[in-house]
Structures are given as C-alpha cells and as structure tokens.
Amino acid sequence: MRELAAITALTIVVALLPAFVTSGFALNLAIMVLYTTLLGQAWNVLAGFGGQFSFGHALFFGTGAYASAALQVHLGVNAWLALPVAIACGAAAGAFVGALSFRYGLRGSYFALVTLAFAEVFRILANSVAFTGGGVGLLLPLKESAANLQFAGKAGFLYLILAFVLAGFLVSWWLKHSRFGAWLAAVRDSEESAAALGVDVFRVKLGAIALSAALMSAGGFFYVQYFHYIDPHIAYGPAVSVEALLGPIAGGLGTVFGPLLGAAMLQLLGELTRNLAGDAPGVSLVVYGVVLIGMVTFLPRGIAGLIARRGA
Amino acid sequence: MLEVRGVSIRFGGVQALDGVSLAVAAGGITALIGPNGAGKSTLFSVVSGFLAPNAGTVHFLGEDVTGVAPHRLCRMGIARTFQIVQPFAAQTVRENIAVGAHLARPSRREALAHAERVAERVGLAQLDKLAANLTVAARKRLELARALATGPKLLLLDEVLAGLNPNEVAAVLPVVRAIRDSGVTVFMIEHVMQAVMNLADTVFVLNEGRLIAGGPPAQIASDARVIEAYLGHGAAERLRRAAEAAHA
C-alpha cells in the first residue's frame with residue numbers, strides 16, 4: 001500500500017509541474033526522464049520480474065513506432081486511434097518472439113542473442129520496404145491540435161508520457177501483488193521448481209514478454225508523436241535496447257521504482273557530463289561510462305537496493 | 001493410485017530404467033530404495049512428467065498420464081520435491097510456499113494465508129526469512145511445504161531426510177506421518193533406513209535400473225537380493241554363515 005501511495009504522490013507532483021515550471025528545458029528534461037522510465041519499466045517486466053534478459057527490446061519499440069507512424073502518414077489515421085493499434089502490434093511481436101524462443105527453451109545469453117537478432121532483422125527490413133519509407137524514414141505532417149496528439153506546448157506531452165509511466169507503475173505493482181507475478185518470480189528463480197508446483201512456465205513467460213512488449217511499443221508510439229520522425233536506425237537500432245536496460249539495472253532490477261530512479265540518475269548524469277566537457281568530444285561519454293561501471297560494481301542491487309539497505 | 005507399467009528409459013549408453021513395474025496403494029507410505037545410481041530419481045522424474053520414458057506407461061487414478069507435462073500432473077494431484085533442493089532463493093519462506101498455494105487460490109491474500117497454515121503443518125518458522133538464508137534442514141522442510149501447498153493427492157518425496165542429523169530426522173518423521181494421516185498418499189525415495197523401516201508400509205528396491213524386490217519393510221530387510229545389491233555379490237551368503245557360526 002505504501003508503494004501505491006508513493007505512485008499516487010509522484011503522479012500528482014508531476015501533473016502539477018507545468019503549473020509552476022515554465023522553462024522548456026526543465027519540462028523537456030522531465031519528459032525525457034519519464035520516457036526513459038517507461039522504456040526501463042517495459043524491460044524490467046520481462047528481465048527484472050521474469051529473469052529473461054532481452055537485448056533486443058528495440059524490436060517492440062520500433063514496431064510500436066512504425067505501426068503508428070505508418071497508419072498516420074499513409075492512411076491518415078488519427079493518432080489517438082493509432083495508439084491501441086501500435087500497442088497491439090508491439091504485444092503481438094513480443095508474443096511471436098516469445099513463442100519461438102521459449103518453445104525451444106532458450107535462456108540466458110541465447111535468449112538475449114535471439115532478441116538482438118530479431119531486432120536487427122527488422123532494422124534491415126525497415127530499411128528495405130516501401131511503407132516504412134526505407135532509410136529516409138517517416139515524417140509526421142504537422143497538424144497542431146490536441147485532437148491530433150500534437151500539443152502546442154510541452155505540458156501535453158508531459159501528461160501523455162505520465163499516463164504511460166503510470167500504467168507502467170501499476171503493471172509493476174500488480175506483478176508484486178498478484179498470482180501471475182508470483183508465478184513469474186517463481187519461473188525466474190527456478191523453472192523446474194515452478195513447473196513442479198503447477199506453474200505453466202511457457203505461458204507465464206509468454207504473458208510476460210507480451211506485457212513487456214506492449215509497454216515498450218507505447219514508448220515507440222510516444223517517440224514518434226514527440227519527435228514527429230522515425231527511421232530504421234532509431235526504431236530498431238541497438239541504442240534503444242541499451243537505453244531500456246540501463247535504467248532498471250542502475251536503479252534496481254525487479255523493483256517498482258528502480259526504472260524511475262535509474263532513468264532520473266542517468267538522464268541527469270548525461271546532462272551534467274554534456275555540460276562539463278562540452279568542447280572535448282567523447283569526454284562526457286567516458287565520464288558517463290566510468291560512473292556506470294562504478295554503479296554496477298558497488299551497487300549490484302541498484303539504487304533501490306541501496307535505499308532498501310539504508311531503510312532496514 | 002499410481003501404477004508404473006514396464007517403464008524403460010535410456011540415456012545414451014546407460015539403461016537408467018529397465019522394465020520397471022510397481023504400484024503405489026492409496027492412503028499409505030510407499031518407499032523406494034536402492035544404491036546410488038539405481039534409477040530412483042529417474043523413476044520419480046518419469047512419474048512427475050519431467051522425463052518421457054522410451055517404453056512403458058504411467059497410470060494415475062486409472063488414467064494414462066505418460067508424457068503429460070509436470071504442471072498438468074501437478075494440477076491433477078501429483079506434487080514432487082527435488083533431491084537437490086531448488087528454493088526460490090530471492091523470495092521469503094512465505095512467498096515460496098504461496099507459489100504452491102496459488103495453484104488452487106487465485107487471490108494473493110488467500111495464498112499467503114494458506115502458506116502460513118502449511119508452514120505450521122511442517123514446522124517451519126521464520127516466514128519472512130529469505131529462502132537463501134535457510135539451513136539445510138529448513139530448506140528440506142520448505143521443499144516439502146511448497147509441494148504440500150498445492151494440495152496433492154500423491155506426494156513424491158525425493159530424499160527429504162538426506163543431509164539431516166539424527167535429531168532432525170526424528171523431527172521430520174512425525175510430519176510425514178501426519179501428512180499421510182491427512183489423506184495424502186506418500187511415495188518417498190529414502191536412504192535413511194531407520195526412517196524407511198519406521199514409516200513405510202511397502203518398500204520397493206531398485207538396482208541398476210531394475211526392480212529387484214517389493215514388499216513389507218521387514219521382508220525386504222532380510223531379502224538376499226537386496227542385501228547383495230547393497231553389500232556386493234555373495235554378501236548374503238557370508239552374513240548367513242557368520243550368523244550360524246555365532247549361534248554354534
């Protein structure tokens with residue numbers, strides 16, 4: 001219950017943000033933190049709660065992004081109507097990859113490699129077929145109005161991503177307090193024991209990857225609406241996959257608030273290092289990398305783990 | 001209740017089980033014994049659905065369940081423990097048991113409440129301790145509690161007493177007996193002979209993948225083939241002569 005209270009408080013604070021903060025920079029930073037949180041929450045469902053480490057979550061991100069962009073650009077479908085279709089396509093892609101890899105018992109690094117390979121295949125496909133716009137990508141036409149999901153200010157986008165992140169929080173909370181979540185944690189800790197206790201391991205894993213992919217595709221949808229543009233490298237490239245896993249690992253795997261803590265920390269660190277060494281190219285990335293190595297070494301259970309230890 | 005008919009299974013060049021047939025009667029405690037590598041755990045894996053036999057069938061409550069997946073068998077009423085315990089290490093004792101309790105209870109609260117009752121039945125305290133921090137004896141009880149929480153009709157116990165000291169063994173015996181008295185049929189693999197003699201109504205003996213004897217414990221203890229399986233060829237004969245010499 002304390003977690004639900006914290007989620008509610010957090011939502012209210014962020015929702016009130018535009019009333020007090022008018023700086024575009026600050027609102028953009030808040031949006032990017034929430035956006036990174038959403039990607040982390042998606043990955044955390046499958047890897048943190050389910051122990052299945054994907055290295056190709058870009059597959060679901062890109063599928064959500066392209067599904068909405070293609071509908072909006074080619075068929076003139078309203079963005080709000082494209083949203084459920086994008087999420088359904090992402091979940092279907094998740095179920096497809098999950099069915100293939102879990103049916104054949106792929107675990108650990110093999111599962112990670114298969115997801116990476118699928119994302120790469122889709123990147124090459126998106127580069128070669130017409131309806132994705134090939135390597136040129138798709139550009140959303142500008143039609144500014146809330147009915148088109150093209151808000152005049154940053155506040156509208158902040159509310160949109162906040163709604164997605166809230167959904168991510170509720171999914172994470174539900175996984176901690178439901179039978180499905182208990183089964184998923186059992187599968188993560190010992191598949192054999194779980195099966196002996198009546199858990200249908202295959203179906204639980206399939207449900208987890210579909211749920212994870214659905215959240216991830218919402219991230220892809222948001223990206224397209226916010227930046228009005230998508231191309232194969234952004235959609236299916238490894239950068240998004242890495243972005244999705246860094247947050248939860250730094251913040252705390254399999255926790256409700258880990259993805260948010262990680263995302264906030266990494267975004268702020270990114271801003272800081274960019275400003276520190278603005279002139280020397282690459283220096284900021286080196287600092288960023290060193291801090292990340294330090295975190296993984298000294299905080300194996302992430303920031304959430306550190307807070308839990310302090311609290312105990 | 002459980003009937004194994006002519007089950008054979010082969011791993012490469014090793015015939016792990018060779019035409020094993022046995023029946024477990026409802027309501028009792030049946031033990032399966034045999035030297036290391038005799039195929040006891042393999043037989044359990046076949047019965048619980050983790051391995052499909054090359055030949056033969058398994059019948060549970062009159063139904064052919066050969067090759068049925070473990071989670072389905074569990075839903076039909078067969079629960080098992082593992083010889084090498086596999087607790088959900090990152091979870092508490094209560095959460096571990098609740099996984100089994102969830103089989104018949106969708107509600108999280110009910111499953112956690114049932115987990116507490118089961119823990120009490122097997123004498124597990126410290127419900128909020130992480131499974132990773134339990135002693136060997138407590139892990140064995142946890143393994144038993146999880147299986148019991150699924151509400152089985154038939155409970156397969158794979159060496160729940162192994163690695164325990166005599167005091168701990170003595171403490172678990174009444175637990176197993178109480179499970180039997182509650183109406184759960186128990187089929188157990190055990191090396192601790194004191195426990196087998198104490199608990200079991202029927203004992204089956206496996207050696208090199210074949211069933212070599214079956215019957216009441218007292219009869220098995222004096223069976224020449226069983227003694228030879230454990231102590232080597234000719235051991236029964238030597239023991240008999242030594243006993244006669246002592247009497248003379």
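In chain B, strands E1(B) and E2(B) form a hairpin with two residues between them, and B:Gly12 in the turn has a positive phi of about 60°; helices (H or I, at least four residues) and strands (E, at least two) are DSSP runs, numbered from the N terminus. This is a predicted model, in which local features need pLDDT of at least 70 and side-chain atom pairs count only at pLDDT 80 or more, while totals for chains, interfaces and linings use all residues. Residues are numbered from 1 along each chain as its sequence is written, and chains are lettered from A and ligands numbered from 1 in the order in which they are written.

- Strand E1 (residues 2-11) of chain B runs antiparallel to strand E2 (residues 14-24) of chain B, the two being joined by seven bridges; strands are said to pair if DSSP finds at least two bridges between them.

**Open sheet of chain B**

- Six strands make up an open sheet with mixed pairing, in the order E6-E7-E8-E3-E9-E10 (chain B).
- Its edge strands, each pairing on one side only, are strand E6 (78-80) and strand E10 (210-215) of chain B, and the twist averages 15° from one strand to the next.
- Strand E7 (residues 154-158) and strand E8 (residues 185-189) of chain B pair in the parallel sense over five bridges, with B:Ile189 in E8(B) as the bridge partner of B:Asp158.
- Helix H1 (residues 40-47) of chain B packs on the sheet, where it touches strand E3 (29-33), E6, E7, E8 and strand E9 (202-207) of chain B, and its direction makes about 150° with that of E7(B); axes are lines fitted to C-alpha atoms, for helices over the stretch in contact, and angles run from 0 to 180 degrees between N-to-C directions.

**Chain B as a whole**

- The secondary structure of chain B comes to ten helices and ten strands.
- Its radius of gyration is 19 Å, close to the 18 Å that the globule rule gives for 248 residues, so chain B is as compact as a globular protein of that length (the radius is taken over C-alpha atoms, and the rule is 2.2 Å times the number of residues to the power 0.38).
- Of the 248 residues of chain B, 44% count as buried, a residue being buried if 20 or more other C-beta atoms, placed from the backbone, lie within 10 Å of its own.

- Helix H10 (residues 235-247) of chain B reaches 18 Å from its first C-alpha to its last, and the count of buried residues among its 13 residues is zero.
- Helix H2 (residues 24-47) of chain A reaches 34 Å between its first and last C-alpha, and 17 of its 24 residues are buried.

**Interface between the chains**

- In the model, 18 residues of chain A are in contact with 23 residues of chain B, contact meaning that C-beta atoms, placed from the backbone, lie within 7 Å.
- Helix H7 (179-189) and helix H8 (191-196) of chain A each supply at least two residues of the side of chain A that touches chain B, and the largest share, six residues, comes from H7(A).

How values were computed. Contact = placed C-beta atoms within 7 Å. Expected span 1.5 Å × (residues − 1). Buried ≥ 20, exposed ≤ 12 C-beta atoms within 10 Å, placed from the backbone.
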